[in-house]
Amino acid sequence: MATPVSGPVQSSPSAAPALQRGIVKMVLSGCAIIVRGQPRGGPPPERQINLSNVRAGALARRATQNQPETKDTPDEPWAFQAREFLRKKMIGKEVCFTVEIKTQQGREYGIVYLGKDSSGENIAESLVAEGLATVRREGIRGTNPDQARLCDLEDQAKATKKGIWSEGGGAHTIRDLKYSIENPRNFVDSLHQKPVNAIIEHVRDGSVVRALLLPDYYLVTVMLSGVKCPTFKRESDGTETPEAFAAEAKFFTESRLLQRDVQIILESCPNQVILGTILHPNGNITELLLKEGFARCVDWSMAVYTQGAEKLRAAERSAKERKVRIWKDYVAPTANLDQKDRQFVAKVMQVVNADAIVVKLNSGEYKTIHLSSIRPPRIEGEEKNKDKDKRFRPLYDIPYMFEAREFLRKKLIGKKVNVTVDYIRAATTAAETGPVPAFPERTCATVTIGGINIAEALVSKGLATVIRYRQDDDQRSSHYDELLAAEARAIKNGKGLHSKKEVPIHRVADISGETQKAKQFLPFLQRAGRSEAVVEYVFSGSRLKLYMPKETCLITFLLAGIECPRGSRNIPGGVPEPFSEEATLFTKELVLQREVEVEVESMDKAGNFIGWLHIEGVNLSVALVENSLSKVHFTAERSAYCKTLQSAEEVARQRKDKIWANYEEKPTEEVAQVSEEKERVANYRPVYVTEITDGLHVYTQDVETGAQLESLMETMRAEIAAQPPVEGSFTPHRGDYCIAKFADGEWYRARVEKVESAAKVHVFYIDYGNRETVSSVRLAALPPAFSTRNLPPQATEYAFAFIQVPQDEDARADAVDCVVRDIQNTQCLLNVEYGGATCPHVTLLFSDSKDDVGQGLVKEGLVMVDVRKEKHLQKMVTEYLNSQESAKSARLNIWRYGDFRADDADEFGYRR
């Protein structure tokens, strides 16, 4: 403390003490002050000056901790008033002083003047004149005029009974100091965040002070809400080691607040720590510390800050940008990004679960954006593994994940949003994350629409939680405090994830590829007409996965009436057809995650539904044709959209764009000739009927290739007998070709259709058309010599032409029984009449009588006629209709109650 504050102001040839200058940092008592110099590259030197020849009362002193024999010492009368007199007059002011005496212990006594020279107010004289200090007369030499003046002033104060010379002894001037508060939280709550007058008595570090609350004289330690400055670490030997900029931050606060009159808003008291904001007429010290780079924002206390957390973040951001003090080495998370990549407008194309979206930039590029600092609903490991047999589907099985995804989908899909990139989360490897899956690089951003922060809205509804970070982790949302506040509101109001109610359960049946379930479901969808749906996934331009909200199920949906370019997954060799990717992208942009309407017409043999999809009045099949991304399929001829599709295709052809780029129009004469020549071709060939399905489809083998199949089967069985397969050595997967042991004990070629478990494998016998559920031990790998390359599957599926398959189960069973009885395992004659969505439609003749099997079903009243419109088929249709009239007249089977079609055909499962 003995370091000189500044050089002598003036000197004289005599031994008169030199006049020195400084700034009053602190008033220790009515007769002692601490003076500091000007800061130069760090906190300035300081020294204690005691006033010569006077004495003021001693201030209260707290008992030394861990020393039970010591006790609290109260104020002496008028001691606090003397300290306050000097504090209000001198704190932060420039003074000049002379040091008259310096003791062996280093204590310095002198005369202090207010101002730049000795013409200013003599502080000791002012104290004595006010009756706040006494003169030490025992040391006075009569020759000193300054000392004589002190004695005169004291006599005048006595005469006028000022201060300590007043009557009553001054007991009323002694403070009732309270060093501790029994219940700090109740004390803080009782003030209701109203400003309290206070004096800052001590500064521990830049963000922690000791304050005297007025008028009740509570002495409390207050930590500034929302910030933290570098601190002084206490070592084991009792010494203190300052962190970088700790001393500078402490001086910054001291020079502005120490012993100043302030107001404090006590905001919270977590874990016995009082948090508050100090208000000074010259500004808010919290914001100033941040702006000057002396402090950083602290999340845990930011939430209680009452003066606007955004101001603190803005002040911290300013310091970071200027790289001052603690931020001198700071690198912004988005420093490597151009401004156009940091902030942009984009269109939302897809919502990925509940914390990420796929957007389309103005450049046409697609980009995945993760919402900054939020975590979607998740499920703990035990819950996830509770039902191991059930396939885990995060969207439906994690509580509130579906609600969160739907909230984002309804609010964002197809809309333009403002994206502000907050940080880029680096890619992680499995080695770094341990049991946690590895993640690719992620762009994390704040996404707003109409001024609403989507992440904040999600959190406020309890559909996401806020990620907690290390204090030095700057990779976070630029609106992190708003997210924390939103989460606090959601918790308080018991919203979503924070609700104590039972979690919502979504039982969504996935019937994609489930042929039997799809068959049962088909009549409902057909009768429903247009049904609401949400497009969950786009496999290709014409193949989609739909969520049906009313039926709470997922289905695979194929667009009717068109032939779209096929992608690589649907073509052997994996080479996609031209424009397949463009068609997929077109469909994605138009319908992915949008609400649509679908009309289901039929289904294929794999359990996929076929029909028409409409979005905002647009038929997707027509839109694909109009944009030259699909051709019209001949099955469209039977639909109500046939003319629209054909005219759209004609316009697309004329443009010669995309799939029509190499199209050359045929001469008109040739077209006319073809149309004249088109007649029904009766080209019957012998087939062997091997299987009749429950849907009245037939599987046949060509008689011509029957000898090849028999030869292959004999050779294959001989080889298997010579080298029997090891039981359990074959692991079946859907789509695999294999050999399966049938109930007769023989091995046949088969294809795996579905694997439920090792004991339940669904197989299809490719040479015979029948299906069976077997154990995997009855399966083995198909020897290469007998693969489908050497001999294609021999069973071909067909449907009966000109008839409607009854949808009523009993009526259909009667028709199937009749066909099984008549033609299964017999030779017939087959003619293909026209194509179909899943397989060709044919007429079958008995090989001996040449009678039409399908027409026989109509005559027996087991089925109704499907009236075709093609001209070349009209003769056959007429014959079938005549047979139907005959059955109706005789009231056979389905006609036994008369003609039911006029009013209730749909209820019976028929349509006209």
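1. Two strands are taken to pair if DSSP finds at least two bridges between them, and helices (H or I, at least four residues) and strands (E, at least two) are DSSP runs numbered from the N terminus. In this predicted model, Ala740 has Tyr748 in β39 as its bridge partner, and five bridges join strand β38 (residues 737–741) to strand β39 (residues 747–757), the two running antiparallel.

2. On how to read what follows: this is a predicted model in which local features need pLDDT of at least 70 and side-chain atom pairs count only at pLDDT 80 or more, while totals for chains, interfaces and linings use all residues. Residues are numbered from 1 along each chain as its sequence is written, and side-chain values use heavy atoms, with hydrogens and water left out.

3. The confidence of the predictor in each residue, pLDDT, runs from 0 to 100; the protein averages 85, and 92% of the residues score at least 70. Confidence is highest in strand β10 (residues 208–213), at a mean of 96, and lowest in helix α20 (residues 668–677), at 42. Over residues 668–677 pLDDT stays under 50, and the model has one contact (heavy atoms within 4.5 Å) beyond four places in sequence for them. Where pLDDT is low, the predicted coordinates should not be read in detail.

4. Strands β38 and β39 belong to an open sheet of five strands, in the order β41-β40-β39-β38-β42, with antiparallel pairing. Its edge strands, β41 (771–774) and β42 (779–781), each pair on one side only. Helix α21 (residues 706–722) packs on the sheet and touches β38 and β39, its direction making about 70° with that of β39; such angles run from 0 to 180 degrees between N-to-C directions, with axes fitted to C-alpha atoms, for helices over the stretch in contact.

5. The structure holds 18 aromatic pairs, where rings of Phe, Tyr and Trp (its six-membered ring) pair if their centres lie within 6.5 Å, and planes under 30 degrees apart count as stacked, over 60 as edge-to-face and the rest as tilted. Phe521 and Phe609 form an edge-to-face pair, 6.3 Å centre to centre with 70° between the planes. Because Phe521 lies in helix α16 (residues 515–528) and Phe609 in strand β33 (residues 609–615), this pair ties together parts that are 88 residues apart in sequence. Both Phe521 and Phe609 are buried, meaning under 20% relative accessible area, against over 50% for exposed and in between for partly exposed (1.4 Å probe, protein chains only).
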